[in-house]
Amino acid sequence: MCEIKYHVKLPIFVARQWIRHRTANVNEYSARYSILDKEFYIPAPEQLAVQAADNRQGRGAVLEGQAAADVLNILRRDAEQTYANYEDMLDESKYGLARELARMNLTLNTYTQWYWKTDLHNLFHFLRLRADAHAQYEIRVYAEAMMETVKAWVPLSYGAFTDYRLGAVTFSAKMLDILKRMLSGEQVEQPTSGLSKREWTEMMVALGR
Ligand SMILES: Cc1cc2nc3c(=O)[nH]c(=O)nc-3n(C[C@H](O)[C@H](O)[C@H](O)COP(=O)(O)OP(=O)(O)OC[C@H]3O[C@@H](n4cnc5c(N)ncnc54)[C@H](O)[C@@H]3O)c2cc1C
């Protein structure tokens, strides 16, 4: 029955992932009613990475040198340009366009804000998915910050959560079978295991091999 309410400021592209968690009450800052702040998320250089080769939903090596500088420039320039156009369209001495329309060309790295209220059970579900290594870094940092609030708020439940959910691993039936064969001394290799390379790697990482 424990409930918590967060006031969150987040880039629109992160909000789009977050809002998929339906078991919460959300009250978002209205860009129909108010003017959005001129504030954009620009990744830190170490977060600017190329597409991962082995995971379509992931990042690979960090982008460096001129390529990194160019990308940062593009991100800043586009955000600045679209915000300048936003201000122009809103300007009553020029167009006086309605706020609900003027916002539509803003970049997805523009920050929005909301109040997000949920209960502990559903918060743990959110954190299990979004504090996980598979979650995108930009939402994971929020989940990690929220973990600290939960730790201070309900330390015993937090301990149980990190032990039984966050620190636990799930094996498929095939993985469990492979583990049993390994424990009985059999040498099992990926190509004949029946697991994909990715599944095999995940299993080996879980086993610390
Ligand atoms: C790493 C990762 C990658 C993802 N990739 C994609 C992607 O490529 N494409 C995409 O579209 N989404 C993607 N998602 C989002 C994902 O599919 C879920 O929408 C999101 O994680 C919310 O999870 P949920 O539905 O369990 O949460 P919630 O909406 O909070 O639901 C929690 C639980 O309540 C149940 N529930 C919720 N509403 C109801 C209801 N009305 N009636 C009955 N039961 C209900 C749900 O079944 C669930 O068990 C991704 C998520 C993660 C973490």
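A polar contact here is a pair of N or O atoms within 3.5 Å. Keep that cut-off in mind for what follows, and note that this is a predicted model.

**Around the ligand**

Let's begin with the ligand. An N or O atom in the side chain of His125 sits 2.6 Å from an oxygen atom of the ligand. Arg20 and Thr23 also put polar side-chain atoms by ligand oxygens, and the table lists the distances.

| Residue | Side-chain atom | Ligand atom | Distance |
|---|---|---|---|
| Arg20 | polar atom | oxygen | 2.6 Å |
| Thr23 | polar atom | oxygen | 2.6 Å |
| His125 | N or O atom | oxygen | 2.6 Å |

How much of the ligand's accessible area does the protein cover? On its own the ligand has 960 Å² of accessible area, and the protein covers 48% of that.

The residues around the ligand are Arg20, His21, Arg22, Thr23, Gln57, His125, Leu129, Arg130 and His134.

**Tyr6 in strand S1**

Now over to Tyr6, which you'll find in strand S1, spanning residues 3–11. Is Tyr6 buried or exposed? Its relative accessible area is 11%, and buried means under 20%, so Tyr6 counts as buried.

Which residues does Tyr6 touch, once its neighbours within four places in sequence are left aside? The list runs Trp114, Tyr115, Trp116, Leu123, Met146, Thr149 and Val150. With Thr149 there is also a polar contact, side chain to side chain, at 2.7 Å. As for Asn122, it is 116 residues from Tyr6 along the chain, and the two C-alpha atoms are 14 Å apart.

**Helix H7 and its two sides**

Helix H7 covers residues 173–183, and its buried residues are Met175, Ile178 and Met182. Why do these residues line one face of the helix? Looking down the axis of H7, the buried residues fall within an arc of 60 degrees, so they line one face. The general rule behind this is that an α-helix has 3.6 residues a turn, so residues three or four places apart point the same way.

After H7 comes Gly185, with a positive phi near 95 degrees.

Note on methods:
Residues are numbered from 1 along each chain as its sequence is written. This is a predicted model: local features need pLDDT of at least 70, side-chain atom pairs count only at pLDDT 80 or more; totals for chains, interfaces and linings use all residues. Side-chain values use heavy atoms; hydrogens and water are left out. A residue is near a molecule or strand if one of its heavy atoms lies within 4 Å of it. A polar contact is a pair of N or O atoms within 3.5 Å; within protein, one must be able to donate a hydrogen and the other to accept it, and residues adjacent in sequence count only if both atoms are side-chain atoms. Accessible areas come from the Shrake-Rupley method with a 1.4 Å probe; for residues, only the protein chains shown count as cover. Buried means under 20% relative accessible area, exposed over 50%, partly exposed in between (1.4 Å probe, protein chains only). Helices (H or I, at least four residues) and strands (E, at least two) are DSSP runs, numbered from the N terminus. The arc is that of the directions from the helix axis to the C-beta atoms. Contact means heavy atoms within 4.5 Å.
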